[in-house]
Amino acid sequence: MTATGFTFTCTGVRADAYAAGPTLVFRLRITADAGTRVHALALRCQLRIEPARRGYTDAEAEGLADLFGDRARWGSSLQPVQFAQVSVMVPSFTGEIETDLVVPCTYDMDIAATRYLNAVQDGEVPLLMLFSGTAFTGDGGFRVEPVPWDREASYRMPVTAWREMVEQHFPGCGWLRLPRDLMDELLAYRSRHALASWETTVRALLDTAAGTEPEPPDPVWAGAVLPRAGERAAP
């Protein structure tokens with residue numbers, strides 16, 4: 001008995017506006033051999049970014065230098081980047097079905113895929129989706145068969161989808177993860193210099209590293225007398 005043939009097509013992507021964390025939702029169309037009853041499909045999908053399949057501006061190339069080096073090296077260094085690996089349980093269908101593939105994302109800049117997506121400013125991100133899993137098929141009863149390992153689909157994800165997702169969870173901001181001891185040092189530095197926010201703290205450090213004089217702290221913070229515990233501040 002021959003194995004059931006499956007084909008996969010990605011028809012779109014959107015940012016999940018109601019997710020607790022950054023999440024992209026890809027729309028998948030799954031087609032089985034004509035007349036084949038699929039009781040369920042336990043599907044796994046690995047998503048890879050294929051950076052060699054698009055061009056880059058000079059500004060984007062500069063942002064990608066830490067991943068791929070200078071343009072002169074891109075012939076050998078522009079290798080695929082792992083984006084995500086997720087699973088989905090597809091319900092019963094005959095012939096064709098569409099389903100959502102939910103992909104939790106991160107804005108951690110230590111992740112290669114995040115650095116790539118942050119550097120790309122416009123256009124599309126070339127993705128390759130690699131599928132595997134287990135299918136439960138058959139008209140009378142069911143049989144168990146694997147999804148062939150050569151099943152895949154290409155999709156060009158608009159950069160705007162990623163940026164919309166990030167903006168939903170980090171509006172106008174970035175995100176940086178630091179070790180606890182370094183965070184304690186930064187907090188001590190901020191307190192010593194009476195700096196009003198983390199933005200002014202990082203700016204002061206960058207100005208010092210660049211050899212320029214940091215801006216004086218806000219007079220509301222510098223030397224201000226804070227209310228005693230239990231005492232209300234003036235409105």
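Colleague: Is E145 buried or exposed?
Modeller: E145 is buried, with a relative accessible area of 4%, where buried means under 20% relative accessible area, exposed over 50% and partly exposed in between, with a 1.4 Å probe and protein chains only. This is a predicted model, in which local features need pLDDT of at least 70 and side-chain atom pairs count only at pLDDT 80 or more, while totals for chains, interfaces and linings use all residues. Residues are numbered from 1 along each chain as its sequence is written, and side-chain values use heavy atoms, with hydrogens and water left out.

Colleague: Where is E145 placed?
Modeller: E145 sits in strand β8, residues 143-147; strands (E, at least two residues) and helices (H or I, at least four) are DSSP runs numbered from the N terminus.

Colleague: And which side chain makes a polar contact with the side chain of E145?
Modeller: That of T137, at 2.7 Å, a polar contact being a pair of N or O atoms within 3.5 Å, where within protein one must be able to donate a hydrogen and the other to accept it, and residues adjacent in sequence count only if both atoms are side-chain atoms. Leaving aside neighbours within four places in sequence, E145 is in contact with A3, T4, G133, T134, A135 and T137, contact meaning heavy atoms within 4.5 Å.

Colleague: What is the bridge partner of A40 in β7?
Modeller: A40 has F136 as its partner there, while V38 is bridged to F93 in β5 and Q46 stands opposite Q85 in β4.

Colleague: Now helix α5: which of its residues are buried?
Modeller: In α5 (residues 159-169) they are V159, A161, W162, M165 and V166. They lie on the same side of α5, because they cover an arc of only 165° around the axis, taken from the directions from the helix axis to the C-beta atoms.

Colleague: What covers them?
Modeller: The cover of these buried residues includes β1, β2, β4, α4, β7 and β9.

Colleague: How confident is the predictor?
Modeller: The chain averages a pLDDT of 87, with 89% of the residues scoring at least 70; pLDDT is the predictor's confidence in each residue, from 0 to 100. Over residues 219-235 the pLDDT is below 50, and this stretch has five contacts in the model beyond near neighbours in sequence.

How values were computed:
Two strands pair if DSSP finds at least two bridges between them.
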